[in-house]
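Hello,

Here is the structure I promised to hand over. Please open it first, then read my notes below.

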Number of protein chains: 2
Amino acid sequence: MELFSDVYFMNEALKQAQIAFEEGEIPVGAVIVCRNRIIAKAYNQTEKLTDVTAHAEILAITAASNALGSKYLPECKLYVTLEPCTMCAGACFWAQLGEIHYAANDPKRGYTRHQENLLHPKTKVVSGLLADESKKLLDSFFRKLRN
Amino acid sequence: MELFSDVYFMNEALKQAQIAFEEGEIPVGAVIVCRNRIIAKAYNQTEKLTDVTAHAEILAITAASNALGSKYLPECKLYVTLEPCTMCAGACFWAQLGEIHYAANDPKRGYTRHQENLLHPKTKVVSGLLADESKKLLDSFFRKLRN
């Protein structure tokens, strides 16, 4: 079996963010990986679904649980192009995700603003991978929105 | 138009919690009210849907946004039988809910454990209504689970 790298998976998340961008959504994408295989892909769809809960991470967790037939995802890794918000960190907590890799920081709405760790104590977190690429896409989206 | 009281709406949320109980789910129920009318009802379905994000509040917010055709719910009141968790408080924040009424406290997972206010600054919060009834249902569920 070919072993894929973290960069490969984050790039797949970025492709999801690109789809969001093209559909006029804030460009955030996510994939969930289990044993080196992508089991869920999602992008932010809050506009299309008229639903604030339709963040990429929430949709990806729902899809991954559906794929595995399990509420809990301790053997799974989430790759997401933006730091999860409070809501999504709460969802990651409940899912007991094994690892979270996020690209760009979100100083305004990211879960790390909070003093307490909102994630499950067993969840490993890695940040910064392809952060520039993610930030460029987000900046470009908001620049377009303002014009 | 007949004006319903907070007790009436919380009791409707309790009826939803009772359905959850009967279906073997942790008994939490919610309704969302807009201009004195219930526009969404939901109960916890994490087991049935194999999805940690299927809390009563999340399902109710999705349904209410669908009913109104709006992502934002500033004119809506959420009645929920248990204090929202971090994830659900995050969803309430994004939806900019006008009011949240919750019955029982959740000292272990409730959002008020956090030092920061996780809700939207404009969201009014009321707690304690029918708290005993909600707690009784929850206690009965966990007692049954242990036996």
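In chain A, helix α1 covers residues 6–22 and holds both A:Lys15 and A:Glu12. The two residues are 3 apart, about one turn of the helix. Their side chains meet in a salt bridge, with N to O at 2.8 Å. Over all chains, the count comes to 16 salt bridges. Keep in mind that this is a predicted model.

**What the record says**

UniProt has an unreviewed entry here. That entry lists residues 4–114 of chain A as "domain: CMP/dCMP-type deaminase". Over residues 4–114, chain A is 36% helix and 23% strand. The end C-alpha atoms of this stretch are 33 Å apart.

**How the two chains are related**

Chain A superposes on chain B by a rotation of 180°. The shift along the axis is 0.0 Å, and the RMSD is 0.0 Å. That is the relation of a two-fold axis. The same surface serves both copies: 100% of the contact residues of chain A recur in chain B. Which residue of chain A comes closest to the rotation axis? It is A:Met87, with its C-alpha at 2.0 Å.

**The interface**

On each side, 29 residues take part: 29 of chain A are in contact with 29 of chain B. The size of an interface is often given as the accessible area lost when the parts come together. Chain A and chain B bury about 2,400 Å² between them. Carbon and sulfur atoms account for 67% of that area. Three residues stand out: A:Val52, A:Lys71 and A:Trp94 supply 28% of the area that chain A buries against chain B, more than any other three residues.

A:Lys71 also forms a salt bridge across to B:Glu47. The closest N and O atoms of that pair are 2.8 Å apart. In total, 2 salt bridges link chain A and chain B. Polar contacts across the interface come to 11 residue pairs.

Which helices of chain A each supply at least two residues of the side that touches chain B? They are α2 (56–68) and α3 (86–95). The largest share comes from α3(A), with 7 residues. By type, the residues on this side of chain A divide into 11 nonpolar, 12 polar and 6 charged.

Over to you.

Best wishes

Methods. Residues numbered from 1 in each chain as written. Chains lettered and ligands numbered in written order. Predicted model: local features only at pLDDT ≥ 70, side-chain atom pairs only at ≥ 80, totals over all residues. Heavy atoms only, no water. Least-squares fit on C-alpha atoms with pLDDT ≥ 70 in both. Contact = heavy atoms within 4.5 Å. Buried area = accessible area lost by both parts, 1.4 Å probe. Salt bridge = Lys/Arg side-chain N within 4 Å of Asp/Glu carboxyl O. Polar contact = N/O pair within 3.5 Å; in protein donor to acceptor, adjacent residues only side chain to side chain. Helix = DSSP H or I, 4+ residues; strand = E, 2+ residues; numbered from the N terminus. Nonpolar A, V, L, I, M, F, W, Y, C, P; charged D, E, K, R; others polar. UniProt positions renumbered as here; feature names shortened; annotations may be inferred.
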